[in-house]
Amino acid sequence: MVEKARRAAVEESRPDADPEWEVLAREEPGSPPRYVGTVRAADAEAAHEAATRLFCWYDHEVWVCPASEVRRFSADAGGEVSDDELATPESGTEGRTHEL
């Protein structure tokens with residue numbers, strides 16, 4: 001019987017891996033930007049080059065943002081967020097969104 005290979009998360013198996021970059025693109029001037037994917041690259045210029053090759057051949061504008069700087073918020077935390085993790089607006093005390 002053959003044993004399945006054990007797999008680790010990408011960060012665990014490659015601690016020297018380049019950081020992730022989130023990619024957004026705009027097809028035409030004035031059109032809304034859209035999320036197109038994620039690339040790994042050493043810096044913004046390399047991320048732009050990889051994103052253009054993979055996702056954005058003909059797009060008018062391309063944005064790259066370090067994935068570690070992106071924060072996701074949702075109105076529905078699904079009970080996964082404790083009360084002390086609620087995202088509360090500075091203007092009040094009621095938390096309406098949750099950081100995931």
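Which residues does Ala25 touch, not counting residues up to four places away in sequence? In this predicted model, Ala25 touches Pro32, Pro33, Arg34, Val36, Cys56, Asp59, Glu61, Val62 and Trp63, where contact means heavy atoms within 4.5 Å. Residues are numbered from 1 along each chain as its sequence is written, and side-chain values use heavy atoms, with hydrogens and water left out. Local features need pLDDT of at least 70, side-chain atom pairs count only at pLDDT 80 or more, and totals for chains, interfaces and linings use all residues.

Three strands make up an open sheet, ordered β2-β1-β3, with antiparallel pairing. Strands here are DSSP runs of E with at least two residues, helices are runs of H or I with at least four, and both are numbered from the N terminus; two strands pair if DSSP finds at least two bridges between them. At the edges lie β2 (34-40) and β3 (61-66), each pairing on one side only. From one strand to the next, the twist averages 25°. Six bridges link β1 (residues 20-26) to β3 in the antiparallel sense, and Leu24 stands opposite Trp63 in β3. Helix α2 (residues 44-54) packs on the sheet and touches β1, β2 and β3. The direction of α2 makes about 130° with that of β3, with axes being lines fitted to C-alpha atoms (for helices over the stretch in contact) and angles running from 0 to 180 degrees between N-to-C directions.

The nonpolar residues come next. The largest nonpolar core has ten residues: Trp21, Val23, Ala25, Val36, Val39, Ala41, Ala47, Ala50, Ala51 and Cys56. Such a core is a set of buried Ala, Val, Leu, Ile, Met, Phe, Trp, Tyr and Cys residues joined through side-chain atoms within 4.5 Å; buried means under 20% relative accessible area, exposed over 50% and partly exposed in between (1.4 Å probe, protein chains only). At least two residues of this core come from each of β1, β2 and α2.

Asp59 is found in the loop between α2 and β3. With a relative accessible area of 17%, Asp59 counts as buried. Leaving aside neighbours within four places in sequence, Asp59 is in contact with Ala25, Arg26, Glu27 and Arg34. The side chains of Asp59 and Arg34 are joined by a polar contact of 3.4 Å (a pair of N or O atoms within 3.5 Å; within protein, one must be able to donate a hydrogen and the other to accept it, and residues adjacent in sequence count only if both atoms are side-chain atoms).
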